[in-house]
Amino acid sequence: MFVVTFYDREMTTTANDWAPDSWRALPADQGVLWPDSEALYAVERELAKQPPLVFAGEARRLTEHLADVSQGRAFLLQAGDCAESFHDGSADAIRDKLKVILQMAVALTYASGVPVVKVGRIAGQFAKPRTQSFETQDGVTLEAFRGHIVNDEAFTPESRRPDPTRMLQAYHQSVSTLNLLRAFTKGGFADLSRVHAWNQQFVLETIEGKRFSAIADDIERAMRFMRACGIDLGRESSLHEVDFYTSHEALILPYEQAFVRQDSLSGDWFDTSAHLLWIGDRTRQLDGAHVEFLRGVANPLGLKVGPTSTPRELVALAERLNPDNVPGRLTLISRMGRDKILDVLPELITNVKESGLNVVWACDPMHGNTFSAASGKKTRRFEDVLREVEQFFSIHHQLGTWAGGLHIELTGDDVTECLGGGQGLDEDDLEINYTSMCDPRLNASQSLDLAFRVAEFLQN
Ligand code: PEP
Ligand code: CO
């Protein structure tokens, strides 16, 4: 046991050579070239003095819920923006995103009878990994846009210059977003008696909206019945409140390190910037900085598993990230693409299973199915998304493992970013309302549609 000091705070370490900054000795893919290291350090010190966003006890509770998922007793729904924006942290946007996630969860639970663990890609999802570090337009080459926590999307040298003070803004926007989420989920908005109110006007007239209204009617009827039987529903907090957790990709390690706090009860370290942190498909190197950082914090973790993953590497990563094989600690998020999933995923699942590793298997059917439309806009076909999810369920069914979760990019707005779905959006429609700064998201009715289909797979 020894004492280490980080940003003027003392912490006692006990663990196997891990410290909140041990990642700094290792190569970090997707590392940002901050132009002014003193300014960066000043921001890190400032962040380290801020109150935590989440508490250790909450993260521990999420691990317990995810343990239920890993044992086939619950389902994980992880959903939200590709990249949150500094230009839109409005209460309405947050409320509408939450509405869709709650609707999806109700549709899934109602149809399948399986409890749903709800995790947002929200209140901190500001950083983006990029395949290309630079972008060229009309002969001018600038740094790629890396999310509002690093730089701005406008194509000018000033906007693209990484600015560490953006981390402070990301923190403050995360605080206000989380504050509102806590109010919405614990203060009446998520009450099951308001289930009709989650249907948004523009969704009401769609098939999915009508289907949701029918479920909402059923739920109201069931609640009236229980009340008539003399059951005091007021005392059932699970009918009035929702446990909602936050997550983001732990990409910008100086930011994440600044939020490491030691839990006074257990002595464990937690990254208090979100309940769950995940490692992206581009930063999952076994001996890289991101894996090193996350192995030492006690939060539940996600790991994106793309088509270049090998069974050996995946088992080694799972053992490094979860050496005690704690159920609920590690969620493997498969993101293969509809044409690759069948070739790659079965062998990975088989190896993880034969190694006796406790994991949650979730499906991200978005990131392997992105392509550029003729206009140059990035998009995804609803049909490809659905096909990948369907294969994910069928593979698990055949292998006798639990298809435990869905990880998607969505928004509560009526955007036209993904093709197909009930509204039958085509490439021309992409021009109508495309507001994503990064990847195309499912809109509210496409998201609901997906939830109904997944509920059917779950039932089977
Ligand atoms: C993401 O989830 O937004 C993302 C970039 O995913 P991946 O790391 O799987 O490409
Ligand atoms: Co994305």
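Author: Let's start with a term: a residue is buried under 20% relative accessible area, exposed over 50%, and partly exposed in between (1.4 Å probe, protein chains only). This is a predicted model, where local features need pLDDT of at least 70 and side-chain atom pairs count only at pLDDT 80 or more, while totals for chains, interfaces and linings use all residues. Residues are numbered from 1 along each chain as its sequence is written, and side-chain values use heavy atoms, leaving out hydrogens and water.

Reader: Okay, is E390 buried, exposed or partly exposed?

Author: E390 has a relative accessible area of 35%. That value sits between the 20% and 50% limits, so E390 is partly exposed.

Reader: Which residue forms a salt bridge with E390?

Author: A salt bridge here is a side-chain nitrogen of Lys or Arg within 4 Å of a carboxyl oxygen of Asp or Glu. For E390, the closest N and O atoms of the pair are 3.6 Å apart. The partner is R387.

Reader: And D263, how many residues apart in sequence are the parts its pair ties together?

Author: D263 forms a salt bridge with R60, with the closest N and O atoms 2.2 Å apart. D263 lies in the loop between β8 (260–262) and β9 (269–271), strands being DSSP runs (E, at least two). R60 is in helix α2 (residues 56–70), so the pair ties together parts whose separation in sequence is 203 residues.

Reader: How many salt bridges does the structure hold?

Author: E46 with K49 is one of them, its closest N and O atoms being 3.8 Å apart. The total for the structure is 35.

Definitions and conventions. Chains lettered and ligands numbered in written order. Helix = DSSP H or I, 4+ residues; strand = E, 2+ residues; numbered from the N terminus.
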